[in-house]
Amino acid sequence: MAMVKGYAQSLLIITAFSLFISCSTGRADYESAVLEWTGKEIVIPDSLPLVGGGWYVNEPANFTIVAYYDSEGCTGCRMKLPFWKEFMDRVDSVSRSNRVRLMLIAATDDEKELEYLMKRDGFTRDVIVDSISSFSKANVLPDDPHLQAFLLDGENRVVLIDNPIDMRSIGKVYLNSVKGGDGSGQEEKSEDIEEHSHSFGKVRKGETVAHTFYLTNQTADTLRVKDIVSSCDCTVGEISSRVIPPSMRYEMTVRFSDTIPGEFFRVVRLNFEDNHREVEFDLTGEIINF
């Protein structure tokens with residue numbers, strides 16, 4: 001139990017400065033959720049169906065990462081499968097002798113949409129389609145969607161709470177926690193990241209908006225673009241040059257269009273070859289009906 005308390009304390013320290021990502025949760029509520037859930041057992045219901053057929057098998061593991069997504073809003077935008085794919089590659093690179101499972105649970109009856117998303121994003125890990133919300137009923141999850149994700153130990157008890165895809169600082173804590181072997185496993189990519197943000201403000205439903213970021217290659221190396229990853233297909237990024245010599249300026253234009261009213265948070269990530277640090281573009285705003 002001392003180890004569990006240590007995880008809780010380190011989580012509070014690391015995430016206190018970045019609570020703005022969870023817009024509906026204040027610091028006191030967040031800390032209360034951490035204290036309530038750390039050490040608590042998560043119930044894994046029987047007979048959870050997988051997208052594409054079959055059933056989830058609750059096999060033994062050193063750690064399990066669980067992320068639950070309810071039926072509100074754009075499923076693909078919130079699940080961010082490309083980022084889960086990237087994150088789990090990092091988990092595999094550091095976990096070594098530890099076995100780490102991933103449970104992505106979508107409370108929707110639209111299995112065809114999930115199949116499309118998985119195919120589009122090249123996501124080959126299991127996704128659970130929970131059309132009757134059996135997981136949330138068994139566990140009475142926090143109301144804030146960001147707090148409906150957990151790192152569990154081998155006995156399905158909560159070690160960490162919060163979504164490692166939505167909050168980079170949490171992702172680092174997850175990776176630190178699952179390190180296996182002698183603990184010397186290293187991430188394949190640098191943890192350093194260059195971050196930029198833009199708010200589109202109020203956006204009409206179905207309207208396409210764009211913003212251009214102006215950047216400079218401040219390294220001594222020529223940067224070569226590996227890929228541009230978006231959290232969903234309603235957001236795209238276009239770069240002015242895929243080969244960027246030292247001191248050269250370049251532009252990243254991001255375009256967004258969606259039809260689901262409410263506040264939004266989207267991410268476009270620019271990855272370079274040779275493990276040069278990533279550049280992340282965070283986009284926020286609110287979609288309105290008129």
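Before I build on that, a word on what you are looking at. This is a predicted model, where local features need pLDDT of at least 70 and side-chain atom pairs count only at pLDDT 80 or more, while totals for chains, interfaces and linings use all residues. Residues are numbered from 1 along each chain as its sequence is written, and side-chain values use heavy atoms, with hydrogens and water left out.

Helices here are DSSP runs of H or I with at least four residues, strands are runs of E with at least two, and both are numbered from the N terminus. Two strands pair if DSSP finds at least two bridges between them.

Back to our pair, then. Strands β6 and β13 run parallel to each other and are joined by 10 bridges. They belong to an open sheet of five strands, ordered β6-β13-β12-β8-β10, and the pairing in it is mixed. At the edges stand β6 and β10 (243-244), each with a single partner strand, so one side of each has no neighbour in the sheet.

What does Glu-194 form with Arg-277? A salt bridge, with the closest N and O atoms 3.5 Å apart. The term means a side-chain nitrogen of Lys or Arg within 4 Å of a carboxyl oxygen of Asp or Glu. This pair links distant parts of the chain, 83 residues apart: Glu-194 sits in β6 (residues 193-204), and Arg-277 in the loop between β12 (262-272) and β13 (278-288). The structure holds 17 salt bridges.

That loop between β12 and β13 also contains Asn-275. Asn-275 is not a glycine, yet its phi is positive, at about 60 degrees. Ser-133 is another non-glycine residue with a positive phi, near 55 degrees, and its place is the loop between β3 and α6 (134-139).

Now please turn to the other sheet I want to show you. Five strands form an open sheet in the order β3-β2-β1-β4-β5, again with mixed pairing. Its edge strands are β3 (127-129) and β5 (158-161), and each pairs on one side only. From one strand to the next, the twist averages 20 degrees. Inside this sheet, β1 (residues 63-69) and β4 (residues 149-152) run antiparallel, joined by four bridges. Ala-67 stands opposite Ala-149 of β4.

Next come the helices. Two packed helices are described by the angle between their axes and the distance between the axes. The axes are lines fitted to C-alpha atoms, for helices over the stretch in contact, and angles run from 0 to 180 degrees between N-to-C directions.

Helix α7 lies across β1, β2 (100-106), β4 and β5, at about 15 degrees to β4. How do α4 (residues 81-95) and α7 (residues 168-178) cross? Their axes come within 8 Å and cross at roughly 30 degrees. That makes α4 roughly parallel to α7. On this scale, under 35 degrees is roughly parallel, over 145 roughly antiparallel, 65 to 115 roughly perpendicular, and the rest oblique.

Contact means heavy atoms within 4.5 Å. On the α4 side, Phe-87, Arg-90, Val-91, Val-94 and Ser-95 meet Arg-168, Gly-171, Tyr-174, Leu-175 and Val-178 of α7. By class, that contact has six nonpolar, two polar and two charged residues. Ala, Val, Leu, Ile, Met, Phe, Trp, Tyr, Cys and Pro count as nonpolar, Asp, Glu, Lys and Arg as charged, and the others, Gly among them, as polar.

Finally, α4 packs with α5 (residues 111-121) at about 55 degrees, their axes 9 Å apart. That makes α4 oblique to α5. Leu-81, Pro-82 and Lys-85 of α4 make the contact with Leu-117, Met-118 and Asp-121 of α5. Here the classes are four nonpolar, no polar and two charged residues.
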